[in-house]
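Visitor: I would like to learn how side-chain contacts are read from a set of coordinates. Could you begin with the terms and then turn to the case at hand?

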Amino acid sequence: MAYCKKCGMEIDDRSSTCPHCGAAQNAPAAPQGTDNGGFLWGLLGFCIPLVGLILFLVWKDTKPRTSKAAGMGALVSVICGVVFYVLMFIIGIGASML
């Protein structure tokens, strides 16, 4: 006997679905090492925020770690850009008052 991967109830070893909750039991395993996150994806997202956002949206279900790295890079880039523009605006107003 085996146990359901979702609900934990005891089921037959050959069952492809759980008779209690209906969860599939013989789902193919995801390949190991394909979703490592990676600093370079974050760097790409930082340098080209639109690409980081697109990669985040495309990979969010299949590669959650890599998608998060690209999305975080894009988010940090946008935040840095906004902070830079606000500082330049404040410095510009301060310089015009002199």
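Guide: Buried means under 20% relative accessible area, exposed over 50%, and partly exposed in between, with a 1.4 Å probe and protein chains only. F84, at 46% relative accessibility, therefore counts as partly exposed. This is a predicted model, in which local features need pLDDT of at least 70 and side-chain atom pairs count only at pLDDT 80 or more, while totals for chains, interfaces and linings use all residues. Residues are numbered from 1 along each chain as its sequence is written, and side-chain values use heavy atoms, with hydrogens and water left out.

Visitor: How many aromatic pairs does the structure hold?

Guide: A pair of aromatic rings is described by the distance of the centres and the angle of the planes. Rings of Phe, Tyr and Trp (its six-membered ring) pair if their centres lie within 6.5 Å, and planes under 30 degrees apart count as stacked, over 60 as edge-to-face and the rest as tilted. The structure holds two such pairs. One of them joins W41 and W59 edge-to-face, at 4.9 Å centre to centre and 90° between the planes. W41 is partly exposed at 33%, whereas W59 is buried at 16%. The rings of F84 and Y85 have centres 5.8 Å apart and planes at 65°, so this pair is edge-to-face.

Visitor: Which side chains meet in a salt bridge?

Guide: A salt bridge is a side-chain nitrogen of Lys or Arg within 4 Å of a carboxyl oxygen of Asp or Glu. R14 and D12 meet in this way at 3.3 Å, N to O; R14 is exposed at 71%, and D12 is partly exposed at 31%.
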